[in-house]
Amino acid sequence: MKILFIIALLFYIAGAVSSPKTQLSYIFGFLGSVSAFLSACFALTRSQILWNFPLLHNVSLSLYMDHLSAIFIIIATISWMALALYSVDYSKLYPKKRLPLGFNLSLLGMLLVLTAHDGITLLAGWEIMTIFAFLMMQGTGKYFEHSYRFLAFGELSTISLVIGFAALYVTAGSISFDALHKGSYFVLILISLGFIIKMDIVPFHAWMQGIYGEIPDNTAALLSAPVTLMGVYGLERVIPLLPNNQLWDIIIILLGAFSAFWGGLQAAVVNKIRLLPAYSTIENNGMILTAIGFYALAEGSGILSLHYLASFALAASIILVISHTFSKTLLFMSIGHAKEAYNVHTIDQARGVWSGVGRIPAIGIVISALSFSAFPPLIGYAGEWMILETLFQSYRFPSVAIAFSAALAGILIALAIGLISFAMIKLIGYTALGYDHGRKSRPIARRFMHTAEISLGSLLVLGGIGLPLVIIFIGFPQLLTGLLAIPAPLVLASNQPVFGVISPTFIGIIMLVLLIIPVWIFMKNKKKTRKVESWNGGIKLEEDEFFTAPAYSQILEHILRGFYHTREKKSKTRSSITVEDILIRPTVFISNMVMKTGKIVASTLMNGKISAYVAYILILFITVFIIGMVVK
Amino acid sequence: MKVLIGIVATPEDERLFILDKGKPVLTAVNGKHPEETFGNYSILKQHLSKINDEPMKGPGVFKFRYGPVTAGVREAGCFYLYTYGEKILRATIDISWKQREIAKAMVDKSPETALTMAERICSNFALSHSVAFSRAVEMAVDISPSLQTKNWRTLLIESERIYNHLYVIYKLASAAAQKVLAAHLSALFEEALRLNERLSGSRYLMNINSLGKLNHIPEISNIEKIANKYLAVAKQFTELYKHSLKNYNYLDRLHSAGTLTAEQAEGLGLTGPTLRACGVVDDLNDTTEHLISLPVITQKEGDALARMEVRAEEIVNSCHYLADHLRASDSWYDATEKDVKSHNANGTGYAVVNSPSGAMGYYVEVNDNKMQRVDIFTPSYPGMYAVSQGLEDLIFTDFPFVFESFGVHFADAAI
């Protein structure tokens, strides 16, 4: 296991070193991920310390792989492998070397995060991941002012973690994860906040707008799935270890639910093709956060009867993680494939991927979008059922406040699921299966892209049908049972005695028998059919007479204008509707203030005048001197 | 009150066809600026077949085409609704699909043949077209119809008004999914058509009117029964109407839909129920020179509900009017009826009729007992402009309420 882990790190370093040869670099990235995957497979049955380096008294840097790390490494590496393969072809479109350099080192950073067993190692991995992901954002060679917002939020997360672990050191005398149980509520809040920021939970999502449309596709996928996964891992790692606080748990539940709702709400109306899955990430991570919060609440209550529910909530969070990581990676890859082939940026422009670009990316979009829409038997269906089923059982808590909060969260998440389905249907209907308007895509290399897309698509289907195996893999076999004619362990039960059950395996079999087989027989024996154009009032439809993607969402923009801050501009010949994510306003305000302050400082102190510069140095010196004296 | 009904233009000059205090007048332009007096001058001057045809652009804006052969559009007409999904940003109406050039086709035909053609322009307004054409030709060739003919024409126009208004309200109720109300109104509409048949021999009042006379006079022996039937229609309709006014689900859909101000209505040259629903008292009832004039019904709001209310009250008034005058019709008998003759073979004539949806005007030139020129001015043409304007900034759901409430027809707008 240790050797495989070291090989993985070496492959990533080799990938970074060979970044001028972009394809080779990504192949190293792929091999590194395979090694990391294999090492995690070993760790599923046996935990192992990978590395331990005593730095100071009571402070050691250590890498450790246990069952939880292994699960998350396996999930992450599947996404990384797919992305590395995809990037081999993609690198022909963006041959800049900073992209594979950032990719490999970012994966290395994430692997450190997933195996870190102390605050310093975690922070080292955290910073490597953030900085090199930022480097990847510059991969197209364009300058993005907004990408600094990503860095700002990344550093905000780091600062929160640094202060959290510093506080842990003060109270426990150690920064090892083993000492987390001695941490205070202050530590709990700061460390979990650091991870929550990384999950892009509202309002820490404000960096996304203006970036997702411009950055390379593999970077978008990496930021949306594996990078946010690190936040989830961090929470899953520390929450069970830190002292429990009911109020904080409730805050987490409601914040997650609101985030899910807000993500779904915004995804339903965006028109930029990559911003839609980006907002879907907020929605999904919101649900995951709620599940984790619910787990903490149920487990921390000390009520024995809630133990099953706590396990179910934790399993829900991991199933959602699996669903989100695979679906989102596949969605970004398929969308990126179509976007690059068409060289467009909006859902409207990328219509008809099936006929215009290819069937594999179209199927990739359909499968991932259906998974996000909780379509059975895909794994997304299981995840979203589990979170709703968890929240349905809020009545089991004796406290009315908790029951009410959880029920409120359930309402928000149910709305979020509806809204995200609305958004995903737009992707399926317009982008994947829409009319291509005779548009033809440009030829791009796609062999590796197809391999990656087919692999992840298959995993999404198999993960749903084989849900019992996945549940056993993540360590919750006690949640499986049998019911009536369905044998154990094909039924997933949300409580004992049985409260609610599903069996995606059984649904899959039924669908296969009732749908696929008759369709297959029909297709095989179908007679010659005559195809005619659909009737459109007797005249052929002109190009400006097709229903647009923004039109699909306009009714929402109108009805929910309070949420969207919908504004209409109309002149005699032109009309437009604008919507706004009002929760990014504070970030924009702060960003503008920083820029204004920077300009003022630049023009008054750093304007090339020696006298001003000397004054600046003096003021700084005096300020530092005074602070030093006061602290002393 | 002066309303510009149409423009009679030749390469040499241009004359304005005006309804002045209920009387049709032809005025030469003579270098004046009629566009300053009449807001609808440019509309009538250009006489475009694509109404309000200015494309609307913008992100996500597209053109939703409704027609020309689509379920829901009962005639060959086409709406281009510019929208970004739900809101109608602009409504362009293409009436050219129904363009038949009937006025041109009438040229060189005998007045009798041309009358038959006029009657078939728009079956809902068959009698209005027929009477307006007859009156214009009678003026041109100097025929004086008998009092009996004039009176019967007036009554038959009211019959046409009753069934047309019932139809419009039935369509509004159907659009609002008021199934019971719509079914009752549909039954009343059928009853009105049957009464038409009993009066004229035709459900749509065709072939009864002729130049200077009627082809046949309704049988006096049945008149009392028919009069009672009209009173029954009025009673049943009043009951339904009052009941419908208590249904907020129905009223909410008509309220504020397709609102026009009096200025807008006058600017478009609208007449009839649409203008009266904006609170304007017009002189259309004065186009009748005989019998007692009907009261002018008005409303203030100018929306689909107001137009419906005007029509509803007119139905009741017309029913009572018909019943009263049918009972007195035996006193109109005129022995000279069969001796109507024209005194000229050449001439120019014009006339206006108070059709169910507004002023319908005909200008004719007859030469040697042949139609030399025919100009037809219908209420549906400016009505289409009103529909287009009324639809703007509403949502798709409002479409049927707005369109139906104006009581316009493509066949009537595109001659």
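Predicted model: local features only at pLDDT ≥ 70, side-chain atom pairs only at ≥ 80, totals over all residues.
Chain A is split into domain 1 (1-243), domain 2 (244-466), domain 3 (548-580) and domain 4 (582-631).

**Domain 2 and domain 3 of chain A**

The centres of domain 2 and domain 3 of chain A lie 25 Å apart, taken over C-alpha atoms. Contact involves 15 residues of domain 2 and twelve of domain 3. Six residue pairs make polar contacts across this interface. On the domain 2 side, α9 (246-267) and α15 (400-432) of chain A are the elements that give two or more residues. α15(A) gives the most, with five. That side holds ten nonpolar, two polar and three charged residues.

**Chain A and chain B**

Here 26 residues of chain A touch 25 residues of chain B. Polar contacts join 17 residue pairs. On the chain A side, α19 (549-559), β6 (567-570) and β7 (575-578) each supply at least two residues. α19(A) gives the most, with four residues. The chain A side has nine nonpolar, nine polar and eight charged residues. One salt bridge pairs the side chains of A:Glu568 and B:Lys87 at 2.4 Å, N to O.

**Area and salt bridges**

| Interface | Buried area | Carbon and sulfur share | Salt bridges |
|---|---|---|---|
| Domain 2 and domain 3 of chain A | about 1,200 Å² | 69% | zero salt bridges |
| Chain A and chain B | about 2,100 Å² | 51% | six salt bridges |

Methods. Residues numbered from 1 in each chain as written. Chains lettered and ligands numbered in written order. Heavy atoms only, no water. Domains from an automatic or database assignment. Contact = heavy atoms within 4.5 Å. Buried area = accessible area lost by both parts, 1.4 Å probe. Salt bridge = Lys/Arg side-chain N within 4 Å of Asp/Glu carboxyl O. Polar contact = N/O pair within 3.5 Å; in protein donor to acceptor, adjacent residues only side chain to side chain. Nonpolar A, V, L, I, M, F, W, Y, C, P; charged D, E, K, R; others polar.
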